[in-house]
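Reader: I would like to go through this structure feature by feature. Please give the general idea each time, then the case at hand.

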Amino acid sequence: MTGRALRRHITSRVMTVLVIALSFTAVLALVLILGNLVLKGASSIDWAFFTKSPVPAGQSGGGVANAIVGTGIIVGVAALIGVPLGVGAGIYLAEYGSGRLGFLVRFVADVLNGTPSIVIGIVGWTFIVKPSGHFSALAGSVALAILMIPMLARTTEEMVRLVPHSLREAALALGYPRWRTSLKIVARTALGGIVTGCLVGIARIAGETAPLLFTALGNLNFSVHVTQPMQALSLQIYVYATGPFEDWHRLAWASALVLMGLVLIISLLARWVTRQRYGSIR
Amino acid sequence: MVASANTRLQLETAHLTALFGQHRAVRDVSLLFPAHTVTAIIGPSGCGKSTLLRCLNRMHELTPGASVTGEVLLDDVNIYAGDVSPIELRRRVGMVFQRPTPFPTMSIYDNVAAGLRVNGRRPRAEMDDAVARALQQAALWDEVKDRLHASALDLSGGQQQRLCIARAVAPQPEILLLDEPTASLDPAGTQRIEELCHALKRLYTIVIVTHNMQQAARVSDYTAFMYLGSLIEVGRTDELFTKPKLEQTEAYITGRFG
């Protein structure tokens, strides 16, 4: 009896230590990446980094203001396109998607979710860049939106499904039409989760590079015209990190740190919204 | 207290059968619910009493695979006729469920106003009056009048259930359906709901489904006993509980089965 108890005790201890060690290994990756970025990038971050555009190759100084603003615009427009479509599709799937069409939409969303992002970049190039004759930020936004829609559709669906069936019944019993029950009661109750899903989706696409290579292209100058090529932080990192100049490498590290920080802030925001979920979301 | 002989028959089922796929959950039930009375439906679990109730406001048909044959007459109009809108119907037939179902994103005020707003906008003052009236009818007004804009989730379980009653009566329905309204409440909460039944039957025709025979005896004027989907016996509550006509009814109310 005591032998068995001892063995169980030891097994329990060993497993606990193992699980803790594995968790640390998983977190270690993030710590190493962040640490490395701070180490190599933080020293290059100053006021000029955020306010100036790049200087001609070979010269030192300058900043990545164009890329920061570009990422903001491209991701913002992508969210404007992607959020209504993705959330709408998700509500449809959860509330009405039990039939054949729902199955089809769900299947397409899952396939699209697994599509490599560079393929989606090529789609943007084929359908927008090529017909219009030039690269544009808008094409980049559309590519990112396509990336975002299936992601949002599936997370929204999950969140809406979490709303208890009894709430739907209560609304219907009051004489609510079905669409109004879906929007005013069910979707509104799931709003915290939906917003979290949107923020996570935005954080995901903010760091995408491949879909932008064939669409937004990049731009060394400051530009806010969505019909023209535009720089983004991810593109900037790609170009600068693979370039030959020491100064470019420096800026690439700093840009990576800023991008990472941006994604981190959005993720933290998502966390915060989740915690407020069943609070007073109006 | 007890309805007189010439009471207008407001709600009535005629040969009503409710199905889930092939399964007949309610079998050929013909039952009158006299106006301004409380009718209790009793019977063991799974006897079809909740399903019968859900046929009265066409909630039954929302379950996939569910269907109905026979008629439910509200003021002599079959609510299952092709030109009757279930949405309009549900505004005339309010319902309260087993567990409180306040809308979690809405305040106390907005919960009560929800059924009114769905009928179209109305002036602020009129809305305030309607909300206050509904909360008074549900005996909740004194407890919440100073915090109408607090979250409905701040209320206790019993208060939430009375809030649901207020929400159901705010649009001034003709019929009020209560589906085991006290099943999740403590004795004090249960007592308050039972008192409400007495008060509210002046205004509404009430149908209450309950597990609890004492409750049926306390709150209702008429009691219907169901078993395996069929209506076994129906009569005035005092008579059904003291001199049941059928052996089966007597066996159930004396606790010998069910």
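Predicted model: local features only at pLDDT ≥ 70, side-chain atom pairs only at ≥ 80, totals over all residues.

Reader: Is B:Asp110 buried, exposed or partly exposed?

Author: B:Asp110 has 19 other C-beta atoms within 10 Å, so B:Asp110 is partly exposed. This residue belongs to helix 3 of chain B, which covers residues 108-117.

Reader: How should I read the faces of a strand, taking strand 8 of chain B as the case?

Author: In a regular strand the side chains alternate between the two faces of the sheet. In strand 8 of chain B, B:Thr205, B:Val207 and B:Val209 point one way, while B:Ile206 and B:Ile208 point the other way. All of these residues are buried. Because 5 of the 5 residues of strand 8 (residues 205-209) of chain B are buried, the strand is largely enclosed by the rest of the structure.

Reader: Which strands are joined to strand 8 of chain B by bridges?

Author: Strand 3 (residues 38-42) of chain B runs parallel to strand 8 of chain B, with 4 bridges joining them. Strand 7 (residues 175-179) of chain B is also parallel to strand 8 of chain B, and 5 bridges join that pair.

Reader: What is the secondary structure of chain A?

Author: Chain A has 12 helices and 0 strands. Of its 282 residues, 40% count as buried. Among contacts in chain A with a separation of 6 or more, 74% are between residues 24 or more positions apart. A box of roughly 65 × 65 × 35 Å, taken along the principal axes, is filled by the C-alpha atoms of chain A.

Reader: At what angle do helix 3 and helix 4 of chain A cross?

Author: The axes of helix 3 (residues 65-96) and helix 4 (residues 100-113) of chain A come within 10 Å and cross at roughly 140°. These two helices of chain A are therefore oblique to each other, and their crossing is left-handed. On the side of helix 3 of chain A, the contact involves A:Ala89, A:Leu93 and A:Tyr96, which meet A:Gly102, A:Val105 and A:Arg106 in helix 4 of chain A. By class, this contact has 4 nonpolar, 1 polar and 1 charged residues.

Reader: What is the hand of the crossing of helix 3 of chain A and helix 9 of chain A?

Author: That crossing is right-handed. Helix 3 and helix 9 (residues 191-206) of chain A pack at an angle of about 140°, with their axes 10 Å apart. That makes helix 3 of chain A oblique to helix 9 of chain A. Residues of helix 3 of chain A in this contact include A:Val75, A:Ala79 and A:Val83, and those of helix 9 of chain A include A:Ile194, A:Cys198 and A:Ile202. The contact has 10 nonpolar, 1 polar and no charged residues.

Reader: How many residues of chain A are in contact with chain B?

Author: 17 residues of chain A are in contact with 18 residues of chain B. On the side of chain A that touches chain B, helix 7 (165-173) and helix 8 (178-189) of chain A each supply at least two residues. Helix 7 of chain A gives the most, with 6 residues. By class, the residues on this side of chain A divide into 10 nonpolar, 4 polar and 3 charged.

Key:
Residues numbered from 1 in each chain as written. Chains lettered and ligands numbered in written order. Axes fitted to C-alpha atoms, helices over the stretch in contact; angles between N-to-C directions. Parallel < 35°, antiparallel > 145°, perpendicular 65-115°, else oblique. Left-handed = near helix turned anticlockwise from the far one by under 90°. Contact = placed C-beta atoms within 7 Å. Nonpolar A, V, L, I, M, F, W, Y, C, P; charged D, E, K, R; others polar. Buried ≥ 20, exposed ≤ 12 C-beta atoms within 10 Å, placed from the backbone. Pairing = 2+ DSSP bridges.
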